[in-house]
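Subject: Structure handover

Hello,

Here is the structure I promised to pass on. Please open it first, then read my notes below.

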Amino acid sequence: MKYIFCILLLTVIVSCKSKKNMIDTTKPTYADFRAGQESFQSDDGLIKYIDRGEGEVIVLLHGVPTSAWLYRKMIDGLVAKGYRVIAPDMLGFGSSDSPKGYDLYTPEAHGKRLLALLDFLKIEHWTHVFHDAGGLWTWELFKLAPNRIEKLVVLNSIIYEDGFKPPMRFERGGLTKLSVSFYSNKLTNRTIMKKLFKNALMENNLTANEVEGYRKPLLEGKTNSLYTFFSSTCNALPDYRETLKKIDIPSMVIWGKHDKMLQWEPMKDAVIADLKVKPEHIHVIDSKHYIQEESTDEILKFITDFIE
């Protein structure tokens, strides 16, 4: 009897330890997310994307160094509201291809491929939600197809030099390649991402599952796009003021007021004037850079109210 009791006690202890070390399975894993993506063969490489729901189309565009994973908490909410959601991993990010070379990753090239994806999906008009470097790709998209986007939702995005404070600004060359390579090294990646989340979140409450969605693409060596961004775009930010002034559609701004990488105050007057944003469509919220992570419900309400 004493032997049986000891066996049962040992079983309980092992079970508790196992549960403690288990990955949280209450939310979809990054592998699950990738399994739900579809594929588009662009001229430059394979682009993976989420296409879910039916109804009016909303495009969710990520930035650097993220992917559509950034929007995973928002997708179900928008689908439940009756929208069709398109969320691509741009070339060089997420689970999309990352071809060799650097000129494939200019803002112009990203804008062209995004338009090709939407043409492939036979989507003529949509509401466009974008974040971070997705702003650069959006302004290039407007140059190519100025009448396709019906409504614009700006989330902490690159717009003007004022307020743009990237973590690195390097010239092309070996030093930048070395710096970017740290993103794909398992040890240094952990340190870089920890610092990124500290700067991008008010509190880092991400689970191991959630962090994997940010780390895995970089650990797979998808860093060519980062090299182009840090060595070219950050050093010679295009002037999109004339492009913005030509945009004449309903526009909304949702911005984390504690964002140190993209600061709202230095650019707000120019953005409001050039995009002709109405006061009721400006929402500066109590968040940092990754507002999709920490203010999900608030953002969803702003977006759906704005569209409806």
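Contacts in the chain between residues at least 6 apart in sequence join, in 80% of cases, residues at least 24 apart. Keep in mind that this is a predicted model.

Now the overall build. The chain has 13 helices and eight strands. Its radius of gyration is 21 Å, close to the 19 Å from the globule rule for 308 residues, so the chain is as compact as a globular protein of that length. The C-alpha trace spans about 85 × 50 × 40 Å along its principal axes. Of the 308 residues, 52% count as buried. The accessible surface comes to about 14800 Å². Carbon and sulfur atoms account for 55% of that surface.

Next, the aromatic rings. The count comes to 13 aromatic pairs. One of them is Trp 139 with Phe 142. Their ring centres lie 6.4 Å apart and their planes meet at 25 degrees, so this pair is stacked; the cut-off for stacking is under 30 degrees. Both residues belong to helix 5 (residues 134–144). They are three residues apart, about one turn of the helix. Buried or exposed? Trp 139 counts as buried, at 0% relative accessibility. Phe 142 is buried as well, with a relative accessible area of 5%.

Tyr 214 and Tyr 290 also form a stacked pair. Here the centres are 5.7 Å apart, with 10 degrees between the planes. This pair links distant parts of the chain, 76 residues apart. Tyr 214 sits in helix 8 (residues 208–219). Tyr 290 sits in the loop between strand 8 (282–285) and helix 12 (291–294).

Ring pairs link Tyr 30, Phe 33 and Trp 69 into it.

Last, charges over rings. Which residue has its charged end over the ring of Tyr 227? That is Lys 177, at 5.9 Å from the ring centre. Arg 241 lies over the face of Tyr 160, and the distance to the ring centre is 4.5 Å.

Over to you.

Best wishes

Terms used: Residues numbered from 1 in each chain as written. Predicted model: local features only at pLDDT ≥ 70, side-chain atom pairs only at ≥ 80, totals over all residues. Heavy atoms only, no water. Phe/Tyr/Trp six-rings, centres within 6.5 Å; stacked < 30°, edge-to-face > 60°. Helix = DSSP H or I, 4+ residues; strand = E, 2+ residues; numbered from the N terminus. Buried < 20%, exposed > 50% of the residue type's maximum accessible area, 1.4 Å probe, protein only. Lys NZ or Arg CZ within 6 Å of the ring centre and 35° of its normal. Rg over C-alpha atoms; globule rule 2.2 N^0.38 Å. Contact = heavy atoms within 4.5 Å. Areas by Shrake-Rupley, 256 points an atom, 1.4 Å probe, with all protein chains shown as cover.
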